[in-house]
Amino acid sequence: MNTELIVLFLAVVLGTLQILLAAAAITKQRGLKWNLSSRDGNPPPLSGNAERMDRALQNFKETFPLFLAAIFLVIATNRTGNVSAVSACVYIFARALYFPIYVLDITVVRSLVWGISVLGIVGILLQLFI
């Protein structure tokens, strides 16, 4: 299995972990009754760590499809190489750092780490032209 597919697997694991952590924090705030309900109407607002976990998860859900598409493109075109492998690793490391940095409310660093993760996606796409 090539590096890009291994990192894709790790990204799926990371996303799943973020879903579970955010869901646990949200359930802790809103209660099990709310979580088991049909959730009609407006949910009670989140605050603190639960709110930041939810926003960090939403951010992951925005970047992951682009990462997945980039990985698919380099694999489908048989254009994988050192640049796409390193760039995929950059993406996953940055995304792994992003969640705790966001939860800890480290604002400037959070934005820098997000930018690094996006550069990882760009690097994967650059492999198509090398």
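How do the axes of helix α4 and helix α5 come together, and at what angle do they cross? In this predicted model, the axes of helix α4, which spans residues 82-103, and helix α5, which spans residues 107-126, come within 7 Å and cross at roughly 155°. An angle over 145 degrees counts as roughly antiparallel, and α4 and α5 are therefore roughly antiparallel to each other. The crossing in which α4 passes α5 is left-handed. On the side of α4, the contact is made by V83, S84, S87, A88, V90, Y91, A94, R95, L97, Y98, I101 and Y102, while α5 contributes V109, R110, V113, W114, I116, S117, G120, I121, G123 and I124. Sorted by class, the residues in the contact of α4 with α5 comprise 15 nonpolar, five polar and two charged residues.

Helix α4 also packs against helix α1, which covers residues 3-30, and the axes of α1 and α4 come within 9 Å while crossing at roughly 10°. Since angles under 35 degrees count as roughly parallel, α1 and α4 are described as roughly parallel to each other. Here, too, the crossing is described as left-handed, with α1 passing α4. The residues of α1 that make the contact are T3, E4, V7, L10, A11, L14, Q18 and L21, and those of α4 are S84, A85, A88, C89, I92, R95, A96 and F99. The class composition of the contact of α1 with α4 is 11 nonpolar, three polar and two charged residues.

For F99, when neighbours within four places in sequence are left aside, the residues in contact are Q18, L21, M53 and A56.

T63 is found in helix α3, which runs over residues 48-76, and T63 is buried, with a relative accessible area of 5%, a value that lies under the 20% limit for burial. Apart from its neighbours within four places in sequence, T63 is in contact with Y91, R95, W114 and I121.

Other positions are partly exposed. A24 lies in helix α1 and, at 49% relative accessibility, A24 counts as partly exposed. The C-alpha atoms of A24 and M53 are separated by 9.9 Å, although A24 and M53 are 29 residues apart along the chain. G31 is placed in the loop between α1 (3-30) and α2 (32-36), and G31 is likewise partly exposed, with a relative accessible area of 22%. From C-alpha to C-alpha, G31 and S87 are 40 Å apart in space, and the two residues are 56 residues apart in sequence.

Notes: Residues numbered from 1 in each chain as written. Predicted model: local features only at pLDDT ≥ 70, side-chain atom pairs only at ≥ 80, totals over all residues. Heavy atoms only, no water. Helix = DSSP H or I, 4+ residues; strand = E, 2+ residues; numbered from the N terminus. Buried < 20%, exposed > 50% of the residue type's maximum accessible area, 1.4 Å probe, protein only. Axes fitted to C-alpha atoms, helices over the stretch in contact; angles between N-to-C directions. Parallel < 35°, antiparallel > 145°, perpendicular 65-115°, else oblique. Left-handed = near helix turned anticlockwise from the far one by under 90°. Contact = heavy atoms within 4.5 Å. Nonpolar A, V, L, I, M, F, W, Y, C, P; charged D, E, K, R; others polar.
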